Amino acid sequence: MTDAADRTIREFLVPDLGEGLLDATIVAWLVGPGDTVTVNQPLCVLETAKAEVEIPSPYAGTVVERRGEPGQTLPVGTPLTLIDSGAPAGTGRDPDVAGDPGPATSAGPDTAVGAVGADRTDGADSGPVLVGYGTRAGTDTGRREVRRRPAPRRSPSTALTDTGRPRAKPPVRHLARRLGVDLAALGTGSGPEGTITRTDVQAAAASPTTGTAGDGASGSGTRSIPVRGVRARTAAHMERARREIPDAHCSLVVDFSRLLVLRDRLRAQDAEHPATPFALLLRLLTLTLREHPRLNATYVPGGPEVRTYDAVHLGIGAATPRGLVVPVVRDAQDLSTVRLAQEAARLADGARGGTLAPRELTGSTFTVSNFGALGLDEGVPVVNHPEAAILGVGSIRPRPHVVDGDRLVVRPTAKLTCAFDHRVCDGAEAAAFLTALGALVEDPDTLLLRL
């Protein structure tokens, strides 16, 4: 390649996705060497400790090289792709990257992420580009389809790529890593030209005689599953919580009969925004936290001191295919019940889809774990470090319940469990918080007296 051509090769670095994230794991490549890409066209999917993110290209041109394979974790600031922008030598600008040379500004508050790029030989920047939004002016920010070069014809007898690796698409490689299947041990797949398919990988994972990645022996019955991305972050977070927080817990069985009656009444009045028992519980919880501020707090060892918060930023534990994440409803104390329910539902959907921004997954002051939604009657949640407490909510089911001192009836009940940092509050304070919340659930009409 000539010197002039060399100066058109742009390095696109793993972007800083914000919130102190230091690395990202490649989930899948959406383009390959030789593909022609446009500005803002997705290059790959990266998984951070928070979510999965499509990474758009800051340059238009031809993909020269990809750095890293699906499942590989790359530090922020290391090369991700090399793109031949085809710019005239010495201009330092890409023909498809428009806008003035000044610093790019975001499309709105808290918009993440400046793209990081460098000229491979002379260090000239191709122009600041905001990942996901393109340049400031004159660019086509619409996503276009990849224009692929015709693939070279290969003999069907081989099941290896030109690099000697088993032939499989990136999502299939990712699935194999997740299931602990060694692709090399599968040989030829059932797809075109011996390509290994998802069905091949799933069949191998179900077979007790298939060798798995890292076990060193066929038929051992063991499987090695790498822990990366969200699950790795969760594992480290749980270790820290257990190591640093001396937690205790208390539980209370609560009758949800009147809360369910209130739910039905609200649904009849507003069918467009149906209330849920969990949304109503969040409203009651927010009010209770305002009256028991030591549960909406953090222990600061340096003082030591207890730091309480006027704002209630509710973290809501959400189970996703990538692991447990905690989206945050900010300033829940200022939201109406309908708005609180809508925001909680939006964040839960975004968490499962991996579309939330990092700022929507940090900053909680109190967390709720609704394991009742998973069919569990009770459990003891782990305090979400560095918060002072967490509420676990069991399933609401008809159960035997004693009322009026000695009368046994069947009522829809659930067990509420509060795990708390014993440095921040003692058992009496935690009990007062939980019984106050339980009293509101059992008689939600008394809420009017506190508004």
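1. Let's start with a term: two residues are in contact when heavy atoms of theirs lie within 4.5 Å. With that in hand, and leaving out residues up to four places away in sequence, Thr 367 touches Gly 315, Gly 317, Val 326, Asn 384, Glu 387, Ala 389, Ile 390 and Leu 391.

2. A word on what you're looking at. This is a predicted model, where local features need pLDDT of at least 70 and side-chain atom pairs count only at pLDDT 80 or more, while totals for chains, interfaces and linings use all residues. Residues are numbered from 1 along each chain as its sequence is written, and side-chain values use heavy atoms, with hydrogens and water left out.

3. Back to Thr 367, which sits in strand β17 (residues 366–369); strands are DSSP runs of E, at least two residues, and helices are runs of H or I, at least four, numbered from the N terminus. Is Thr 367 buried or exposed? Thr 367 is buried, at a relative accessible area of 3%; buried means under 20%, exposed over 50% and partly exposed in between, with a 1.4 Å probe and protein chains only.

4. One goes to the side chain of Glu 387 at 2.8 Å, and another to that of Asn 384 at 3.1 Å.

5. Among the contacts of Leu 314 are Leu 282, Leu 285, Phe 366 and Val 368.

6. Then have a look at the open sheet of four strands, in the order β5-β4-β2-β7, with antiparallel pairing; strands pair if DSSP finds at least two bridges between them. β5 (52–56) and β7 (73–75) are at the edges with a single partner strand each, so one side of each has no neighbour in the sheet. Strand β2 (residues 23–29) pairs with β7 over three bridges, and Thr 25 is opposite Thr 73 in β7.

7. Finally, His 401 belongs to strand β19 (residues 397–403) and is buried, with a relative accessible area of 15%. Beyond four places in sequence, its contacts include Asp 255, Arg 407 and Thr 413.

Conventions. Polar contact = N/O pair within 3.5 Å; in protein donor to acceptor, adjacent residues only side chain to side chain.
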